[in-house]
Amino acid sequence: MGVEDRKRSLTVAPFECAWGEEFRFSEAGRGCIAFEASAQNDVTLVFREQAGSQHYHYKMDSARHYAVILGSHRNKRLKIEVDGRTVVDEAGVGLCRSSSFQSYWISIYDGLISIGQGRHPNNNVLFQWLDPDPIRNVRYVGLSSWDKHVGYRNISVLPSAPQNSILWSQIEYAYADRHGEGGCHAKSEEPKDSCEQRVIADFLESWDFSDAVFVVGTERKLVPAHKIVLAASGEFPLSSMNGTAIDLPSVSYPVLRSLLEYIYTGSTQIAEWQLDSLLELSLHFKVELLVKRCEEMLDSLTKMDNKLSVSNKNLQVSRSGCQAHQVDYFPFKAPVCVQKIKQFLASGEHSDINISVGGQGIVARAHKLVLSLWSMPFSKMFTNGMKESKATDVFFEDVSAQAFSLLLQFMYSGELIVEDRYITSVLLQLLLLSDQFGITVLQFECCKRIMEFLSEDSSVLLEEAYFSEFKGYGFCKFGELASWLSID
């Protein structure tokens, strides 16, 4: 099962545990896992320094670890164990329902374990417990079970929010609802619980935001694609005009499907007898990682059989070998080149939306697909069938152009680069924007930067920045903001 598939759907058999590099905190002792689970009881997550085995069980573990059990004692208790010793055993009736998937999140921050329901960390907290002797090196998360199967899906590993971090749902926003000539004004009224980050695999063979189409085989089957994804993966004949059509009369649909599936998910299956055709197509479009993988597999098959088989046996073609590190939450993975994605923001190549901010004219020529991958409010804005869906221009009033540029840079790179070493109104504006558009990981990153920079002097600067830039949001809110950030 491929990495992306495991992130979306995973079934754990009784007394087993699933581990993987994708279930790993980016920072030792600090991280959050959000997921959906379907079980009658005993949804169990284990946190330890190193990954365990498939048949690992926390009861037999001599290494330091935490275990969180949702629905223990026949779905009547919530338990936390430290090194096999029960430290929390609270009433928690009906936490699990086998008939449907439920959303949960578990956060660890320097020994503070927070457990909640829903898709968004820090919301709907069920329980918190602070370990007086924290295990500071926990990094790997094991998804486990007891005596019944447990289904997991939509698994995301995120940065953890520090104690007393901002309660996102309590920040109020004032957003102008005005309409400009030649375009639409954006106004997001999406409730926070309707926001979740999408993955690029969701857009495989999707007509949403597609601006290229393959015409395949003698039957001339139409297969939609996205220029920005293709251009960042190989060398495709993409015109600068809308509606690029790539004619492949001698290619069968299953082979093209495998090529696109590899590009959009990093993994695919191909019949053994079609592996040569997949290699030929990947060579034609210079999808280098797929070329290398196909060549490796063909070489291995040749060495085993002296000649290639013509069987219908399906082969799994997945990413392998050394790759540049990419953070788990970043929606683009190899073979899509992150550097090229960043360049497309700078150049505006293949863009389909012009963004204007604060009366300063166009600040970016962006891509609806990228914005929709990060933000459900953006996705719904562009697919709701209203005029926003067809618009090529979008306007934002009363928004800092600098903060919006940082927002876009994060979406295209997965990194927040702020030159100023002090708390400024720009970082606060960015925090508000990231919550406005439901980009949880950026909220955490902004909050982390604020916490890192706070001192007696910087808290004064923060207050000054707040009152000068955010008085439109209500003066009383600074007191709440200060208390959440532990400003005396």
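Modeller: Let us begin with contact, which here means heavy atoms within 4.5 Å. The model is a predicted one. By that criterion, Q402, A403, F404, L406 and L407 of helix α11 meet V426, Q429, L430, L433 and S434 of helix α12. The residues of this contact comprise 7 nonpolar, 3 polar and no charged.

Biologist: At what angle do α11 and α12 pack, and how far apart are their axes?

Modeller: Helix α11 spans residues 401–413 and helix α12 spans residues 425–436. The packing angle is about 55°, and the axes lie 9 Å apart. Angles of 65 to 115 degrees would count as roughly perpendicular and those under 35 as roughly parallel; α11 and α12 are therefore oblique to each other. Their crossing is right-handed.

Biologist: Which residues of α7 meet α11?

Modeller: In helix α7, V338, I341, K342 and L345 make the contact, and they meet L408, Q409, Y412 and S413 in α11. The residues of this contact divide into 5 nonpolar, 2 polar and 1 charged.

Biologist: How are the axes of α7 and α11 arranged?

Modeller: Helix α7, residues 338–347, packs against α11 at an angle of about 150°, with the axes 8 Å apart. Angles over 145 degrees count as roughly antiparallel, so α7 and α11 are roughly antiparallel to each other. The crossing of α7 with α11 is right-handed.

Biologist: Let us turn to sheets. What is the strand order in the open sheet of 6 strands?

Modeller: The order is β1-β12-β3-β8-β9-β10, and the pairing is antiparallel. An edge strand pairs on one side only, and here the edges are β1 (9–12) and β10 (125–130). From one strand to the next, the twist averages 25°.

Biologist: How many bridges pair β9 with β10?

Modeller: Strand β9, residues 112–117, pairs with β10 in the antiparallel sense over 5 bridges.

Biologist: What is the order of the open sheet that has 3 strands?

Modeller: That sheet runs β15-β14-β16, and its pairing is mixed. Strands β15 (221–225) and β16 (244–248) are at the edges with a single partner strand each, so one side of each has no neighbour in the sheet. The average twist between one strand and the next is 25°. Strand β14, residues 212–216, runs parallel to β16 and is joined to it by 5 bridges. Within that pairing, A212 stands opposite T244 of β16.

Biologist: Which helix lies across β14, β15 and β16?

Modeller: Helix α4, residues 253–265, does so, running at about 5° to β15.

Biologist: Finally, which way do the side chains of strand β21 point, and are they buried or exposed?

Modeller: The general idea is that side chains in a regular strand alternate between the two faces of the sheet. In β21, residues 393–396, D393 and F395 point one way, whereas V394 and F396 point the other way. All of these residues are buried. The bridge partner of I355 is V394 in β21.

How values were computed
Residues are numbered from 1 along each chain as its sequence is written. This is a predicted model: local features need pLDDT of at least 70, side-chain atom pairs count only at pLDDT 80 or more; totals for chains, interfaces and linings use all residues. Side-chain values use heavy atoms; hydrogens and water are left out. Axes are lines fitted to C-alpha atoms, for helices over the stretch in contact, and angles run from 0 to 180 degrees between N-to-C directions. Helices (H or I, at least four residues) and strands (E, at least two) are DSSP runs, numbered from the N terminus. A crossing is left-handed if the near helix is turned anticlockwise from the far one by less than a right angle, and right-handed if clockwise. Ala, Val, Leu, Ile, Met, Phe, Trp, Tyr, Cys and Pro count as nonpolar, Asp, Glu, Lys and Arg as charged, and the others, Gly among them, as polar. Two strands pair if DSSP finds at least two bridges between them. Buried means under 20% relative accessible area, exposed over 50%, partly exposed in between (1.4 Å probe, protein chains only).
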